[in-house]
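Subject: Structure handover

Hello,

Here is the structure I said I would pass on. Please open it next to this email and follow along as you read.

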Amino acid sequence: MLVNNNLYKKSSKSQKIRCEICANYCKIADGNVGVCRQHKNINGELFDESYGVVSSLSPDPIEKKPLNHFLPGTFTYSIGGFGCNMTCLHCQNYMISQEYDKVSRGIKITPEIIVENALNYNCKSIAWTYNEPTIHLPFNKKTSLLAKSKNLEVIYVSNGYFSQKSIEEVLTFVDAFNIDLKSMSKDFYKKICGADLDIVLDNLRRIYLEGKHLEITNLIINGHNDSIEEIEELCDFVVNELGPEVPLHFSRAFPYYKMNDIEPTKHEILFEAEKIAKNKGIENIHLGNI
Ligand code: SF4
């Protein structure tokens, strides 16, 4: 599927393209794909190779996203695709985000079927989740607008690595976000995730200022982002730059993908994080994967 040309720029000198769908701003030569491996330069035009291809579809309790303060007690219709714009070594969903060539390539579906399924399951919302939704902007937007016309709310479970263009677009059709704030260390984001912390923080501020429903998840990884100082810094960011009412989820990590040598996060660290968050004034704290 040809991507709308307001989402990429052509070079005047070569057939290279600058994709502007996410904050990687990949410069893609003819015949190549970007970091997410979903977008390809074909003869100087950008194509979305996985338009409408999904890896997973499921009605889920909304608390599983996790969102505990948005339409509580309802079901959301979850949709996931393939690929990611980050390359996290600890990815807990790596089979669909990074190593999906090893599994079947999913099924093709239309926005109409997704919305019909959501209504048939009596869901109150649809949720773009499982893999990173940012990279599927054109398909997600089309489906989400149809969902909203049928009174379904729209949820993004995301790493927050939006480009400037995509955050503006996403804010027009998403009602609630759970953003994964992985660490407060620039080094962690660079070395472990291949990304830039400052962009994620800016997008969090933007979502909050826009008045959208926002919850944050911090996956605590043994020996990597579990220091008291870092948890304190993360809580300070939430309280001072967003608001103490923004719900914060601390979640346990397990050995997966390229971090298969870590110990599962100890319960005690999550309890300690909960205590720190409470002391900092965060009003809604949830512990996950325990
Ligand atoms: S969506 Fe992001 S990762 Fe994928 S090609 Fe575009 S800029 Fe690169």
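Strands β11 (residues 153–158) and β12 (residues 176–180) run parallel and are joined by 4 bridges. One of the residues to look at here is serine 158, whose bridge partner in β12 is isoleucine 179. Please keep in mind that this is a predicted model.

Both strands belong to an open sheet of 8 strands, with the order β7-β8-β10-β11-β12-β13-β14-β15. The pairing in this sheet is mixed. At its edges are β7 (56–61) and β15 (285–288), each of which pairs on one side only. From one strand to the next, the twist averages 20°.

On one hand, β7 and β8 run antiparallel and are joined by 6 bridges; proline 61 stands opposite phenylalanine 75 of β8. On the other hand, β8 pairs with β10 in the parallel sense, over 4 bridges. There, tyrosine 77 stands opposite isoleucine 126 of β10. Is β8 mostly covered or mostly open? It is mostly covered, as 5 of the 6 residues in β8 are buried.

Helix α2 comes next. Which residues of α2 (residues 111–120) are buried? They are Ile114, Val115 and Ala118. Looking down the axis of α2, you will find these buried residues within an arc of 95°, so they line one face of the helix. Glu112 and Asn120 lie on the other side of α2 and are exposed. What do the buried residues of α2 pack against? Their partners are β8 (75–80), β10 (125–128) and α3 (137–149). In this way the helix meets β8 and β10, two strands that also pair with each other. After α2 comes asparagine 122, which has a positive phi, near 60°.

There is also an open sheet of 3 strands, in the order β1-β2-β3, and its pairing is antiparallel. The edges are taken by β1 (8–10) and β3 (27–28); each has a single partner strand, so one side of each is left without a neighbour in the sheet. Strand β2 (residues 17–19) is joined to β3 by 2 bridges, and isoleucine 17 has isoleucine 28 as its bridge partner in β3.

Now the ligand. There are 13 residues around the ligand, and those that come nearest are Cys19, Cys22, Cys26, Gly34 and Cys36. How many residues of each class does the shell hold? It has 8 nonpolar residues, 5 polar residues and no charged ones.

The last item is glycine 194. Glycine 194 is found in the loop between α5 (186–193) and α6 (197–209). Why does glycine 194 count as partly exposed? The reason is its 16 C-beta neighbours inside 10 Å, since a residue needs 20 or more to be buried and 12 or fewer to be exposed. If neighbours within four places in sequence are left aside, glycine 194 is in contact with Met86 and Thr87.

Regards

Notes. Residues numbered from 1 in each chain as written. Predicted model: local features only at pLDDT ≥ 70, side-chain atom pairs only at ≥ 80, totals over all residues. Near = placed C-beta within 6 Å. Nonpolar A, V, L, I, M, F, W, Y, C, P; charged D, E, K, R; others polar. Arc of directions from axis to C-beta. Contact = placed C-beta atoms within 7 Å. Pairing = 2+ DSSP bridges. Axes fitted to C-alpha atoms, helices over the stretch in contact; angles between N-to-C directions.
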